[in-house]
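Here is a short briefing on one protein model. Keep the sequence and the 3D view open as you read.

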Amino acid sequence: MGLKTACTCLLVIAARAIKASDAEEQLNRLYKDHTVTQAKNQVEKSKTANVAMLLRGLIESRLGAQKLDYKPSKPELKEFLKEEDHDVDKAFNRLKEKGTWKSKLGLVRMKDHIAPCLRSDGYSVCLEGLRARDGRVIVYSYGMPKGSVESVERQTAYLHDRVMISATTNYRESSEPYRALVVINCTSPSFRFPDKAIRKGGVEVVRKYYPWASSATTVFIGVPKPIQALFHLTKPIMGKLYDQFKFANSREDLLQYISPENLPKELGGEADWKIEEYIRKRAANERRGVR
């Protein structure tokens, strides 16, 4: 795609939020002497984040020219730009790599790939329809996912894609919708030191293709108090990362993060959320082509 065509695409996007003349002026300046530092400074100074919109528009135009099967959402574009410190080229390459990976992975379906895993003693699932007190999507992990590297990779992709779809139902431009609240039940026998399947199919996939997930708040259930005490000693080393990890030793602890009506009954809440019903609904929706 030529520069003038890309500029036109960007102007159409920007015009929705700012005057056309202002958009053109910003766009010309951006293309004339754009650097990573300048883009970062402009985004930080912009009260309306118009420059960030222009940068996302540039990536959208490039992705459109590539004709990729994978079409990232606007908040996903925003997240990859943030991850790459507003470097357009790096963010574009990350999204292009994700598109290649998604094509290679193929369509992941509830009936064929995920349902057997959700019926085991080790799985992670998006509690669609339920929300944390701060409005975030809730992910519940009963221990850790099990299976081969390929199986865990599919489970990871399916989980985070469902989080993204669920989170953007009421998306706001200024929000960070993909930062979920993750509840991990450590009493499951599948909770273990990360093996090859978890490292390759889980951690590595998240790092490459869902990097925002590392900023989630994680609440652990069933961790022995001596282990909790050892963890608290790491606060000076972990810095800000320390605040992302919480421990729940009772129902009351969990209710600090999730209201009773949004907490499943099996965790002491009132929500009638059942794994088998979720499997049935997702499988039925996928048969009908519903996201």
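H86 is buried, because its relative accessibility is 16% and the cut-off for buried is under 20%. The model is a predicted one.

**Two residues with positive phi**
- H86 sits in the loop between α5 and α6.
- Its phi is positive, at about 65°, although H86 is not a glycine.
- D85 lies in the loop between α5 (74–83) and α6.
- D85 also has a positive phi, near 55°, and is not a glycine.
- Most residues other than glycine have a negative phi.
- D85 counts as partly exposed, because its relative accessibility is 35%.

**Helix α6**
- At the start of α6, a side-chain oxygen of D87 comes within 3.1 Å of the backbone nitrogen of D89.
- Helix α6 covers residues 88–105, which is 18 residues.
- At 1.5 Å a residue, α6 should span 26 Å, and its end C-alpha atoms are 26 Å apart, so the two values agree.
- Buried residues in α6 include V88, F92, L95, W101 and L105.
- Just after α6, G106 has a positive phi of about 80°.

**A nonpolar surface patch**
- I227, L230 and L233 form a nonpolar patch on the surface.
- Together they have about 330 Å² of accessible area.
- L233 is in the loop between α10 (225–232) and α11 (235–238).
- L233 is exposed, because its relative accessible area is 64% and the cut-off for exposed is over 50%.

Note on methods:
Residues numbered from 1 in each chain as written. Predicted model: local features only at pLDDT ≥ 70, side-chain atom pairs only at ≥ 80, totals over all residues. Heavy atoms only, no water. Helix = DSSP H or I, 4+ residues; strand = E, 2+ residues; numbered from the N terminus. Expected span 1.5 Å × (residues − 1). Buried < 20%, exposed > 50% of the residue type's maximum accessible area, 1.4 Å probe, protein only. Polar contact = N/O pair within 3.5 Å; in protein donor to acceptor, adjacent residues only side chain to side chain. Patch = residues over 30% accessible without salt bridge, like charges linked within 9 Å, V, L, I, M, F, W, Y side chains within 5 Å. Areas by Shrake-Rupley, 256 points an atom, 1.4 Å probe, with all protein chains shown as cover. Salt bridge = Lys/Arg side-chain N within 4 Å of Asp/Glu carboxyl O.
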